[in-house]
Amino acid sequence: MATAAGKPLVCVTGAGGFIGSSLVKELLQRGYRVRGTARNPDRKNAHLHALDGAKERLSLCRADVLDYKSLVAAFRLCEGVFHVACPVSNNDPELMAAAIEGTKNAINAAADMGVQRVVYTSSYGAVHMNPKRSPDEVVDESCWSDLEFCLKTKNFYCFAKTVAEKTAMEEASKRGIHLVVVVPAFTLGETLQPGLHLAMYMLIVSYVKGTRKTYPNAVSGFVDVQDVARAHVLVYETPTAHGRYLCIGEVVHQSEFIQMMIELFPQYQITAKCKDENAPKVKPYKFSTKRLQDLGMKFTPLKKSLHKTVICLQEQGHIPKLPHKSAL
């Protein structure tokens, strides 16, 4: 791997997305030459060209994970690939096949171009969806989501990410690719791209605007997008890094997350009512992030990340700015 004095060319698929954009920023800050892929590089990517170092060391190219030849062209001369792009939606089951096939294409295209190392972006949805697991059990990299349960509950995103990650491992093993997997939870933080991320709408905007009148009796893991970007580069730059790395800052019940928002931004009329208030409160899972922390990873506190997220959404016009006195 090249030294800091001569950072190599790396490719980031899905460079214009939420995680992809922060990863491109992190790589440019560290001196890498970056080639980013997008299905339409001429649209919605001005935020990438505005990044420090972009003029000298960033290029964007047209590529689609279902177009094998476009991936081969994108990975040409690259030492490493960060495969972030994943066309998955809970509302469109047909995208499951696209996510799985796209991952297979990415690994094989990397192998064909002689890429030495691939970092794959999975999701903790590929880890924790298992009704048979006790809440007292510590969830680590050895855990996988139950595919039948994912389909039964129509969690197509979790199903696709689970199968896609396993596919990545199988293809990498066949082709001799050094694969490392980062497994982030729900990702918050500064949004570089102008469009509103769906998860951001569901987690924050819908509550702030008052369109959601209750919150679910549910538990979620959270992590800051800058931490996710740093984790990707950390495992890429650590020669001994291998396998999966859970990237989860904090795990809280939805009531705690809502209470944080209310405390930070009391000017908004955010609901404090649980949708299933008569049921026992769901217990948070315990996740181990020891593997990533052993590499030197430190996570941003959830409260700080949430504050950054809301301020960013205000500045981008996704939620109204109201006079406030935050708790920070």
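The model is predicted: local features need pLDDT of at least 70, side-chain atom pairs count only at pLDDT 80 or more, and totals for chains, interfaces and linings use all residues. Residues are numbered from 1 along each chain as its sequence is written, and side-chain values use heavy atoms, leaving out hydrogens and water.

Select Leu60 to begin; this residue lies in strand β3 (residues 58–62). Helices (H or I, at least four residues) and strands (E, at least two) are DSSP runs, numbered from the N terminus. Not counting residues up to four places away in sequence, Leu60 touches Gly36, Pro41, Asn45, Leu48 and His49, where contact means heavy atoms within 4.5 Å.

Next, select helices α10 (residues 254–264) and α12 (residues 302–315), whose axes come within 10 Å and cross at roughly 60°. Axes are lines fitted to C-alpha atoms, for helices over the stretch in contact, and angles run from 0 to 180 degrees between N-to-C directions. Display Phe257, Met260, Met261, Glu263 and Leu264 of α10, which meet Leu302, Lys303, Leu306 and His307 of α12.

Finally, select the open sheet of three strands, ordered β8-β9-β11 with mixed pairing; two strands pair if DSSP finds at least two bridges between them. At the edges stand β8 (186–188) and β11 (250–253), each with a single partner strand, so one side of each has no neighbour in the sheet. Strand β9 (residues 219–224) runs parallel to β8, and three bridges join them. Within β9, Asp224 is the bridge partner of Leu188.
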